[in-house]
Each structure stands twice: as C-alpha cells, then as structure tokens.
Amino acid sequence: MMNITILNLYDSDYQLWLENTINQLRRGDFQAVDWQNLLEELADLGKSERRALESLLTRLLEHLLKLTYWQSQRDYNQAGWKKEIRNFRIQIKKILKDSPSLKSYLREILQECYLDARNLLIDETELDASIFPLEVLANLEEILDENWLPDWEAIGNNSEKCN
C-alpha cells in the first residue's frame, strides 16, 4: 500500500512528492527516489527559465520599440514604458545572476524575440510595418544596460502611418 501511495504521490500531491523526494535525497535513500519524475522536473526547470527569459526579453524589446517609434503616445506613456523597461531588465538580471550561462541563450534568441516584439507592436499600434526595422535596434549589452535607452530623435523622424 505504501509503495502505491509513493508512486502515485507525484500525480496526487505534487508538494508532498517534492518534500518527500528532497528528504529521500538528504537521507541518501536513493532506492526510494522517484527518479523518472525527478529527472522530468529537473529538465522542466531549465525550460521554464528559458521561457521566462524569452518572455522578458520580448517584452523589454516591445517597450523599447514603443519608446522609439510610437511617437503619438510617447509623451503620455513614456514614464510607464521606462518603468516597464527597468522592470524587465531587473528580472532578466536576476535570472542571469543565478544562471549566467543563459546569457548565451539570450544572444541566440535576440533576433527572434525582436521580431516577435515588432509584430506585437505592429498589431497594437496599427502603425505601418515599414516604420519598424527588421534588425534589432541595439546589441544585447545595450538592451540589457540599465542606463541605455534608444535615441528616438536620432533614429529618425519617421512619421506614423496609422491605418
């Protein structure tokens, strides 16, 4: 009966399964550990961190694009956009502090996240897609730098073309 409970614990009470597994590992009771589910959980942790970074980077880029190209809303919204930019950078920095090796992952996904952010912004603003360049507006170091913001005056006086 106890073995059935332990085997079903992962599905019936995740928190209890987790506490039980931690205790088994601490005691060195490796025979009792539910290795299949533990390995799956460990693999998912890495995926979860990557998904979080991808989401944060996309949102960061989206707000940098708003600040740079959405001229008609800039005066009214730029304080909020800058706050969000800082918030996303802080969250990314915290993840990278715990897992510095994920910075290379950010480099891999930068262009993809940028294009996602660009498309989201095109949908939100209904601005002409040609306003937004296809290439990322800065390198990763600048994008993550807490003091860097795009120079929207220098980027050009693109006129907004709303539909």
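These legends accompany several close-up views of a predicted model.

Figure 1. The protein has 7 helices and 0 strands, and a walk along its sequence gives the pattern α-α-α-α-α-α-α. Of its 163 residues, 35% count as buried. Among contacts with a separation of 6 or more, 70% join residues 24 or more positions apart.

**Figure 2. Confidence along the model.** The mean pLDDT of the protein is 88, and 89% of the residues reach 70 or more. Residues 157-163 have pLDDT below 50, and this stretch makes 19 contacts in the model beyond near neighbours in sequence. Where pLDDT is low, predicted coordinates should not be read in detail.

**Figure 3. The surroundings of Phe-132.** Leaving aside residues up to four places away in sequence, which residues does Phe-132 touch? Its partners are Leu-65, Tyr-69, Arg-118, Leu-121, Ile-122, Thr-125 and Leu-127.

**Figure 4. Glu-62, a buried acidic residue in α3.** Glu-62 lies in helix α3. Is Glu-62 buried or exposed? Glu-62 counts as buried because its relative accessibility is 7%, under the 20% cut-off. Apart from residues up to four places away in sequence, Glu-62 touches Ala-117, Leu-120, Leu-121 and Glu-124.

Figure 5. The side chains of Lys-66 and Glu-124 meet in a salt bridge, with an N to O distance of 3.3 Å. This pair links distant parts of the chain: Lys-66 belongs to helix α3 and Glu-124 to helix α5, 58 residues apart. Lys-66 is buried, with a relative accessible area of 7%, whereas Glu-124 is partly exposed at 38%. Side chains of opposite charge can pair when their charged atoms come close.

**Figure 6. Two further salt bridges.** The structure holds 6 salt bridges, and this view shows two of them. Arg-27 and Asp-29 meet through their side chains at 3.6 Å, N to O. Arg-27 is exposed, with a relative accessible area of 55%, while Asp-29 is partly exposed at 29%. In the other pair, Lys-83 forms a salt bridge with Glu-84, and the closest N and O atoms are 3.0 Å apart. Lys-83 counts as exposed at 54% relative accessibility, and Glu-84 counts as partly exposed at 21%.

Figure 7. Leu-25, Phe-30, Trp-35, Leu-39, Leu-42 and Leu-45 make a nonpolar surface patch of about 600 Å². Which helix gives the most to this patch? The answer is α3, with 4 residues. Leu-45, one of the patch residues, sits in helix α3. Leu-45 counts as exposed because its relative accessible area is 54%, over the 50% cut-off.

Figure 8. Ala-52 is placed in helix α3, which spans residues 35-69. Is Ala-52 buried or partly exposed? With 28% relative accessibility, Ala-52 counts as partly exposed, because that class runs between the cut-offs of 20% and 50%. Ala-52 and Gln-91 are 39 residues apart along the chain, and their C-alpha atoms are separated by 9.3 Å.

Notes:
Residues are numbered from 1 along each chain as its sequence is written. This is a predicted model: local features need pLDDT of at least 70, side-chain atom pairs count only at pLDDT 80 or more; totals for chains, interfaces and linings use all residues. Side-chain values use heavy atoms; hydrogens and water are left out. Helices (H or I, at least four residues) and strands (E, at least two) are DSSP runs, numbered from the N terminus. Buried means under 20% relative accessible area, exposed over 50%, partly exposed in between (1.4 Å probe, protein chains only). pLDDT is the predictor's confidence in each residue, from 0 to 100. Contact means heavy atoms within 4.5 Å. Patches are made of residues with over 30% relative accessible area and no salt bridge: like charges are joined within 9 Å, nonpolar side chains (Val, Leu, Ile, Met, Phe, Trp, Tyr) within 5 Å. Accessible areas come from the Shrake-Rupley method with a 1.4 Å probe; for residues, only the protein chains shown count as cover. A salt bridge is a side-chain nitrogen of Lys or Arg within 4 Å of a carboxyl oxygen of Asp or Glu.
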